[in-house]
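Subject: Structure for your review

Dear colleague,

Please find below the structure that I am handing over to you. My findings follow it.

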Amino acid sequence: MSYLIGIDVGGTNTNGVLLKEGKILATVKAPTDHQNLHTGTRSAITQLLSDLPGKEPDKVELHLSTTLATNAVVEGKGAPTAVLIIPGPGLRWEEFKLPFKLYPLTGYIDHRGREVKPLDRAELRQQLTAIKEAGYQALAVVGKFSPRNFQHELAIESMIAKDDPQLLPVTLGHRLSGKLNFARRITTAALNASIAKLQAEFVHMVQALKAQYRLGRIYLLKADGGTLALQESINRSIETILSGPAASLMGTMALADGIQDAVALDIGGTTTEISVFAGGEPLAEREGAVIAGFPTLVPAFFSRSIGLGGDSVVTYDGNRVTIGPQREGPPVALGGPRVTPTDAVLVLGGAALGNPQRSFRAIQALGAPFGCAPLRLAEQIVTAFAEKAAQVIKEIYQELNNRPVYTVSQVLTGANFQPQKLIGMGGPAVYFIPKIGQQLGLPYQVLPYHEAANAIGAAASRPTFAITLRSDTALGQLVVPELDYAETIRRPFSFNLEVAREEAIRHVLDYAAEFGVRYEPAEIELTEEEVFNLVRGFHTIGKYYSLRAQVKPKTRSIQLC
Amino acid sequence: MDGKPKVGLVFFPAFDWAIAPDHPEREERLLYTRDQIREEGLLDLPEIEEFRPQLAAVEDIERVHICVPSVAKVCTESHLIAAGGTVRAGQLVTAGKTERAFALLRPPGHHALRIVHGSRGFCTINSEAVLVEYLRKSWGGRLRVAIVDTDAHHADGTQDVYYNDPDILHISIHQDGRTLYPGTGAINELGGPGAYGLTLNLPLPPGSGDPELLYAVEHLVLPVLKDFQPDLVINAAGQDNHFTDPLTNMNVTAQGYARLTELLAPDLVVLEGGYSIEGSLPYVNVGIILALAGLDYTGVLEPELPPELRQERPVREEVVHNVAFLQETWASRKEADLERVFGADEFFRRKRRLYYDTDDIHEMQLEEIKRCGQCSGYRKILSFAERYGRKPVQIAAVLLPWHACATCRHQAQEVYAILVSSTEWDYVYLQNPEDQERPLVTVSNGA
Ligand SMILES: [Zn+2]
Ligand SMILES: [Zn+2]
């Protein structure tokens, strides 16, 4: 595999990059056409391939980051979706504040995955009739504790396949995440179902390109910075939300040198996105992405957004400078209505942009009532910007170091997260990052602004896939919910942690192989491991293992020419 | 979200600590509770926020206990985290970060007495007392607290710590001591001469359930609290009176617990016992959290809930009778003839045998409480403890109360000096909770 194309379909522009062995051969840019996401993609590919040196190209691998899923969710363009839920007892499902119609079913799986109450098939039939009559076009099925035992969800799917195939495909909650959180699983599955059709159309169009351009494997970028095989994205489209920010972060990783423990700031006009690297890897959200205000179980980067950017509104009361959180237009230098941090930078001679004279006069006017000279006020504005960013960074690290832990040894280890370096991206970064680094007492690196950074990030990323393996030797059960895998443990006494680890790794390898990707066992890491003795009446009756395994996240390193 | 979260949850299941691998107090105890809380998505609710526990400092422990020979020798880190996590929960409420807090952690603490030779009833350090003393120190001693202990076992440790403390009301509702460890908590145990009537015990006959527990709360606890006007109400919420608990014979349900929490509306809930780790704890804890958060808990039902426990039935006559007795005792506590109860001597003396079931230690205590008109009086405790296969230990301790009068301070020092000069004691301790810095407990190694 020598040629690689990365394309980021952003809110404004579509950027593309053609790579050969980590070297950038060409970049392209075109405005994004939101009605036809694939047209921009198509023209980017055409241009990039026309630049290809030599005659007949080898097959070219394509990595795509699109706003399709994000926009569909944020703008509510998904299909009207019904969710069959099996809530069992607990927090009343009527209390869930979700924008989907929920159809409850009888049935109850407990925390160890035991069936307490079976499904009622007659009731299921009634609910399906109601769903059909109401005209829902998308359907998800989610049971409480279904990652522990997904037989109810599977039974419902096969009954639909038999009696109401027009309702297919249905999204089953357990396949999208092995993590526990019923409400988030409902949201994740429902959103996935609601955008499945849009995703399928998009996949068809991209496949047409494949034939046309002799493309090799095609992957879509996910919220966790990994990629997902194009075909598989029809089933797991929800994982491609927030792929823009992910592409940006992967771009940072590919372009920055030696990230270990670092805080990364992407400073834009309106907001600054803050993410965290620990031990060379981007930190993930504990539960999953939050999109359009909905908490989900979609694996995603940890990131926090603050209303602080180059175009944020600056106010001054003679004493304190306040910045943001709103933006009311571009900097005064570019004809904007209010003083912005960028204007302050211009006054201080830190940049060349628009008409700095206008910036000077605006800042002069802002300081005049309080007798504050324009240069002094400009200094104060830049300092206030840096202070605010530094403050938020400190709070984020405090939050991370206060994350609850559940073992004595973790409490004794104490604070784990500490930034050693500050990394800046985005247009205004070059002006503010040095000041923020000073505030935090950290060395910094400002990445050279690269219009194609997101496309580079998309190109640099690799497939990721995580599975949950849970085995309960007392019940003799082993499940991998993401893969519909359930088996009876035949030799509970020789089942041990080693066996559990090998099984978990094997499942990741097999899954990847299904999509034509071969990994070595050494490329799989175990991210969570729990082992408990199960004791009843003073006797050990078995052990409980819970493991999460995934392909080690990596990026290709990319050289700028 | 408007305002602060209703409930701060300090959850610490200590997944790497056990008394012994197959002991009820083991790693697995809160595993299913963790799973239930996560699956119900409780931590995503704006009403609930989770916090990390902290380690209690040695002086936090010494404000409460005399640990023999020292805090370091009897405590593991898990004890310091359980106590520190309870303090954290208290800080959340007193600092106004959350309206209420729930210290959902292990190991428990309510069987830990003032003098600690080891672990009894799975408890080594009394978390509620550590919290109360921590807050009392930061409030300069001006703090009135009510502790309502609803664990199925008598809270003999907490009772012992506050037996003679006029600022702390301690109410324990438990399975009758004649049928369950530790055997104490009879209805006529009402506190020492300096705090008579501020210790209340309501033993429930085996088989009691939601009707009895809720009756006691409505007719005894709530009126007493209204009268006492505490600054802080703590519910020591043991969950071992659940109908599935393997160690007790009670019939309380998750709905009963949740309703109790709603009625009591405590500032703080602290987990104590509860060893039905699958059948009870996941449901009871979710019920308590929802009730504290003011959310609908009526859907929280155990899978094994027998239909008869959901039916209304009359409260047992014995409980109605005992509640009436305690109401009357409470109302007339200030007129009680203390000479008749405690004698006319300058000192009230008692002699007790105590058993540490967890560590198999037998202890004999001789206690003297000075009867002082100016303060609640200093205490002297002589303790002889024997553990099979070890050299017996003999210690003497002199304890000053909060707001001790000058005379008591002076006399306590004198008594301490005499004890130190004797060769009879392996260790002699002097404890003053009002000291701002260590040592709060002065130790003299007699030998
Ligand atoms: Zn108990
Ligand atoms: Zn006195």
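How many residue pairs are in polar contact between domain 1 of chain A and domain 3 of chain A? The count is 4 residue pairs, with both residues at pLDDT 80 or more. Please bear in mind that this is a predicted model.

On the side of domain 1 of chain A that touches domain 3 of chain A, the elements giving two or more residues are α4 (151-163) and α5 (173-176) of chain A. The residues of this side comprise 5 charged, 5 polar and 3 nonpolar ones.

The rule also finds 2 salt bridges across the interface of these two domains.

In contact with each other are 13 residues of domain 1 of chain A and 16 residues of domain 3 of chain A.

Finally, the buried area between domain 1 and domain 3 of chain A is about 1,200 Å², and 49% of it lies on carbon and sulfur atoms. In domain 1 of chain A, the residues that lose the most area to domain 3 of chain A are A:Arg112, A:Arg148 and A:Phe150. Together, these three account for 52% of what the side of domain 1 buries.

Yours sincerely,
A colleague

Technical notes: Residues numbered from 1 in each chain as written. Chains lettered and ligands numbered in written order. Predicted model: local features only at pLDDT ≥ 70, side-chain atom pairs only at ≥ 80, totals over all residues. Heavy atoms only, no water. Contact = heavy atoms within 4.5 Å. Buried area = accessible area lost by both parts, 1.4 Å probe. Salt bridge = Lys/Arg side-chain N within 4 Å of Asp/Glu carboxyl O. Polar contact = N/O pair within 3.5 Å; in protein donor to acceptor, adjacent residues only side chain to side chain. Helix = DSSP H or I, 4+ residues; strand = E, 2+ residues; numbered from the N terminus. Nonpolar A, V, L, I, M, F, W, Y, C, P; charged D, E, K, R; others polar.
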